[in-house]
Amino acid sequence: MNLPKPWSLDLSNPADAAPRGLPEFLERAVNGLSPKGRHQDNEEQCTCQDCAKAGVKELAFVYNKDVIRSKDAPRAADVLREIEDIRAAVEVLRNAISSVNDFTRLAFSDVGGFASLHEREAPDRSRPGKGLEFYDGSREWNQSLTLLERAACAASDRFLEVRGLPRGSIDKGGNTNLFKEYRTSAEYQLVVQGWSLFQRFRPNEAKGGEKSDFHNFLRDVYSYATRRDAETYSGVTSWVHALARPLRELDELLAQRTQLFCQFKNALDPNERKTLEKKLSIVVYRIAFLQQHILDLKLGKKPPRFKGGS
Ligand SMILES: [Zn+2]
């Protein structure tokens with residue numbers, strides 16, 4: 001039976017996501033990062049020309065891959081249907097196993113599975129000769145099927161629960177594109193990951209304005225990835241506007257955390273350590289809050305502001 005290849009996060013042919021734009025856009029995007037210095041062993045901090053080029057190529061590749069993956073991604077209803085298919089198949093198998101005759105069992109036992117036939121003395125001495133007795137191995141098969149059935153039911157319940165839907169409503173999974181639920185959108189990822197790369201090469205210089213260097217950098221990455229011009233780039237622009245502020249705040253908080261941690265490590269006075277520890281825990285909480293907010297962000301909705309101490 002030729003089954004269709006199931007949808008996967010990995011592309012069956014990674015070359016499909018290769019950047020399609022002109023090399024001049026790659027060059028412009030790399031220049032936008034203002035690479036400097038020689039290559040360092042710690043590539044996550046290196047700001048050399050080669051690492052800038054590798055970073056831009058990766059951004060463009062991931063963008064194209066996200067666009068492809070998002071197009072044919074499974075919907076929530078597909079997941080529930082597949083789980084139900086497994087559960088129903090368990091039922092079919094269980095019925096098939098429980099209805100086999102002893103010679104079918106014997107056929108399985110010849111290859112070491114399902115049931116084995118033992119020859120032994122008949123317990124009743126009044127009966128002549130030896131008797132045949134089955135050891136019913138199908139019980140173990142049934143136990144495995146029960147585990148699979150329970151897993152299917154639990155998976156379905158959990159899947160509905162996280163979406164706020166009642167148990168058993170397998171037809172209500174809806175048309176949610178699960179890849180978008182998981183990655184939001186290719187444009188969102190381009191902005192978040194592009195920000196991180198830009199921050200590495202040009203710390204604290206990324207800005208959300210449409211004429212900013214960061215915006216121009218993303219535009220070049222987009223053109224390099226897609227071969228399209230900036231007119232089709234509006235999705236990215238909207239995400240830059242929505243994400244610039246929380247991403248900037250996150251960078252500031254991460255810097256604060258590093259600074260406080262250094263101070264805490266070097267502090268000897270117990271009271272000072274206590275104060276620093278308290279400040280550190282607040283910053284850690286704010287980072288977690290902001291990271292979650294960035295993950296949950298939807299276009300067109302105002303972000304909730306954090307009201308905790310500083
Ligand atoms: Zn490097």
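Predicted model: local features only at pLDDT ≥ 70, side-chain atom pairs only at ≥ 80, totals over all residues.
1. Overall make-up. The chain holds 10 helices and two strands. Read from the N terminus, the order is α-α-α-α-β-β-α-α-α-α-α-α.

2. Burial and contacts. The chain has 310 residues, and 35% of them count as buried. Take the contacts with a separation of 6 or more: 66% of these join residues 24 or more positions apart.

3. Helix α5, length. This helix covers residues 138–162, which is 25 residues. From its first C-alpha to its last it reaches 36 Å. That is close to the expected 36 Å, at 1.5 Å a residue.

4. Helix α5, buried side. Ser138, Asn142, Leu145 and Glu149 are buried, and so are Ala152, Ser156, Phe159 and Leu160. What do the buried residues of α5 pack against? The partners are α3 (76–98), α4 (102–109) and α6 (178–183). Just past the end of α5, Gly164 has a positive phi of about 70°.

5. Helices α7 and α8, geometry. Helix α7 spans residues 186–201 and helix α8 spans residues 213–226. They pack at an angle of about 120°, and their axes lie 11 Å apart. That angle makes α7 oblique to α8. The crossing is right-handed.

6. Helices α7 and α8, residues. On the α7 side the contact uses Leu190, Val191, Gly194, Trp195, Leu197 and Phe198. They meet Asp213, Phe214, Phe217, Leu218, Val221 and Tyr222 of α8. By class, this contact has 10 nonpolar residues, one polar and one charged.

7. Helices α7 and α9, geometry. Helix α9 runs over residues 234–266. Its axis and that of α7 come within 9 Å and cross at roughly 45°. The two helices are therefore oblique to each other. Here too the crossing is right-handed.

8. Helices α7 and α9, residues. From α7, the contact takes in Glu187, Tyr188, Leu190, Val191, Val192, Trp195 and Gln199. From α9 come Gly235, Val236, Trp239, Val240, Leu243, Ala244, Leu247, Arg248 and Asp251. This contact divides into 11 nonpolar, two polar and three charged residues.

9. Leu190, Val191 and Trp195 are worth a look in the viewer. These residues of α7 meet α8, and they also take part in the contact with α9.

Key. Residues numbered from 1 in each chain as written. Heavy atoms only, no water. Axes fitted to C-alpha atoms, helices over the stretch in contact; angles between N-to-C directions. Helix = DSSP H or I, 4+ residues; strand = E, 2+ residues; numbered from the N terminus. Parallel < 35°, antiparallel > 145°, perpendicular 65-115°, else oblique. Left-handed = near helix turned anticlockwise from the far one by under 90°. Contact = heavy atoms within 4.5 Å. Nonpolar A, V, L, I, M, F, W, Y, C, P; charged D, E, K, R; others polar. Expected span 1.5 Å × (residues − 1). Buried < 20%, exposed > 50% of the residue type's maximum accessible area, 1.4 Å probe, protein only.
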